[in-house]
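Got your viewer open and a selection tool ready? Let's take a short walk, one selection at a time.

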Amino acid sequence: MTDNTLNLTQELIRTANALRERGLLFRGAHANLSARQNDRLLITRGGSVANLGENDLAWLPVAAEGLQADFDANHREIVDMHTRLYRHRADIGAIIHCHPTHSTAFAVAQQAVPAVYEPMLRQGMHTDVPVVAWAPRGSSASVNGILDAFDTPDTVAVLLANHGVLVTGDTPEAALNRLTALEEAAELVLHARVLGGEKALPEAAYREVAERMQRYRKAS
Ligand SMILES: [Zn+2]
């Protein structure tokens, strides 16, 4: 293994462990995650990421499509969801799919998570996180729906109706932090609804946060 290959392997394992530690997995610990390196990607081979090890990861070409023999039988179908999204959006470097409790509740209700929580803005979610219509896991219809949502350059995360969430980032860590903000937002919005409902941020907040972040990034 080259240093870069080893680093990405360790980063995905660290990310999977963080999913568990941050309470972003539901009881079955079902998730799949991947990271892109040039024209290939490293991806989980099984359905559970509890105690993920090197042997649970596989390298695939980004051009890969369809069934992969060395994947768990009931997990082969998710490959296209990753490879086609990488081919669709050159800016995406990592993808996490899982079923965090609160954002998945929004997915089950087929309701977008509103962008009303400051950390969402800092994590690039400047608009409501939309729901992609139901279709069976990994089917062309499901992947096509995801790609349609990602036609909008601002889209960085989606809810999969009656299923779970899919979040992207430049790196696995960036996707993890974005997923964390999304799940916190979903939990807080549910609490806020007991108190009379969430309130929108002022329109300018979205632009102000983006501008401030850009300014600080340039300065660093
Ligand atoms: Zn799932």
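**Starting at a strand pair**

Select Leu42 and then Trp59: in strand E3, Trp59 is the bridge partner of Leu42. This is a predicted model, where local features need pLDDT of at least 70, side-chain atom pairs count only at pLDDT 80 or more, and totals for chains, interfaces and linings use all residues. Residues are numbered from 1 along each chain as its sequence is written.

Now widen the selection to E2 and E3 (residues 57–61), which pair in the antiparallel sense over five bridges. Strands (E, at least two residues) and helices (H or I, at least four) are DSSP runs numbered from the N terminus, and two strands pair if DSSP finds at least two bridges between them.

Next, pick Ala35, which stands opposite Leu42 in E2. Strand E1 (residues 31–37) pairs with E2 in the antiparallel sense over four bridges. E1 and E2 form a hairpin with two residues between them, and Asn38 in the turn has a positive phi of about 55°.

Colour E2 (residues 40–44) by burial: four of its five residues are buried. Buried means 20 or more other C-beta atoms within 10 Å of a residue's own, exposed 12 or fewer, and partly exposed in between, with C-beta atoms placed from the backbone.

Last stop: Thr83, in helix H2 (residues 79–88). Thr83 counts as buried because 25 other C-beta atoms lie within 10 Å. Which residues is Thr83 in contact with, leaving aside its neighbours within four places in sequence? They are Leu41, Leu60, Val62, Ala64 and Glu65, a contact being C-beta atoms, placed from the backbone, within 7 Å. Draw a C-alpha to C-alpha distance from Thr83 to Leu41: 8.0 Å in space, and 42 residues apart in sequence.

Key
Contact = placed C-beta atoms within 7 Å.
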